[in-house]
Amino acid sequence: MTIPAEQVDYRKYLDPRTLAKIQALDIRARLIVEGFITGMHRSPYKGFSVEFSQHRQYVQGDDIRYIDWKVFGRTDRHYIKQYEEETNLQVMLVVDASESMTYAGAATKKWKENGDGWRKFDHATSIAASLAYVALHQQDSAGLAVFDQKVRRFIKPSNNPRQWRVIVDELTTIAKNQKTQTGTILDEIAEQLHHRSLIVLISDLFDDPRNIVKGIQHLRYRRHDLIVLQILDHDELEFPFESTTLFKGMEEMGELVVEPRALRETYIDELRKHSQILRDECHKLHVDYVQVDTSMPLDVTLPGFLATRAARMK
């Protein structure tokens, strides 16, 4: 018996535990998008392409939902927000494929027997493929840059119907065994993009924050919109280790045997400082920063960037 589409519980596909069991990235992305849209009162598709243009005075018959009440509070007059469609919006997905993105904590490994669990890179590619799907299905363009210490693959933004498959195929084949140079990468991308774009940086941001900020400044100087998603495993956020542990450093950092309980407070404080620097600088530059815990369902984090542009218009 076929189950009617309206009865399918798509929201379960927003849970990383379910997604970890689905190998095909294209299927994951479609289910994520369906689950997110099903769970919202208003479609996030409007969030990418509609941009505020100007105010005009209210006339009888106008939809009162578009009255700008902040302006009314200042002027005691009713004005309507007018919007314009950006028919050539470019969404550029910049995905970190360095070795540190292959990390999967103990909790995620339990979700999946005989496997590596739900890695940060799995979370990042699921988000990237989902955003590309949304952009292309609303006739915008989507592109991809995959990087570690170099830009390993640069796919120019396009709204060609085949573009989504090109992006998904690339995300599933890229090697992940190098160090990171995020700031340099952002500089390079700023030089390659000649049209104003919405750039979504998806990375654990394990790099010198000063260099990352310089790269973000370069992109903002070029008038790009920017959303920064810091992807972190739950173990990286909580440091739950108890007994003496051998830590294997990624990105050529070596190995170290330590007593985790003696380091937990210092580690968490250093991570907090690192993230706070990035959060504060993004705020100054009018860049949206979202810290993403890979153990959390995507309906907790997706609104942070799918609805960002719509939120700015309110």
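Student: What is the average pLDDT of the protein?

Tutor: This is a predicted model, and the protein averages a pLDDT of 79. A score of at least 70 is reached by 72% of the residues.

Student: Where does pLDDT stay under 50?

Tutor: One such stretch is residues 1–7, for which the model has two contacts beyond four places in sequence. Another is residues 40–47, with 15 contacts beyond four places in sequence. Where pLDDT is low, the predicted coordinates should not be read in detail.

Student: Changing topic: is strand 6 enclosed or open?

Tutor: Strand 6, residues 197–203, is largely enclosed by the rest of the structure, because seven of its seven residues are buried.

Student: Which residues point which way from strand 6?

Tutor: Ser197, Ile199, Leu201 and Ser203 point one way. Leu198, Val200 and Ile202 point the other way, and the residues of both sets are all buried.

Student: How many bridges join strand 3 to strand 6?

Tutor: Six bridges join them, and the two strands run parallel. Strand 3 spans residues 90–96, and Val94 stands opposite Leu201 of strand 6.

Student: And what about strand 7?

Tutor: Strand 7, residues 225–232, is parallel to strand 6 and joined to it by six bridges. Gln230 in strand 7 is the bridge partner of Ser203. Between strand 6 and strand 7 the chain passes through helix 9, residues 209–221, in a right-handed β-α-β crossover.

Methods:
Residues numbered from 1 in each chain as written. Predicted model: local features only at pLDDT ≥ 70, side-chain atom pairs only at ≥ 80, totals over all residues. Heavy atoms only, no water. pLDDT = per-residue confidence, 0-100. Contact = heavy atoms within 4.5 Å. Buried < 20%, exposed > 50% of the residue type's maximum accessible area, 1.4 Å probe, protein only. Helix = DSSP H or I, 4+ residues; strand = E, 2+ residues; numbered from the N terminus. Pairing = 2+ DSSP bridges. Right-handed = clockwise from strand over helix to strand, strands pointing away.
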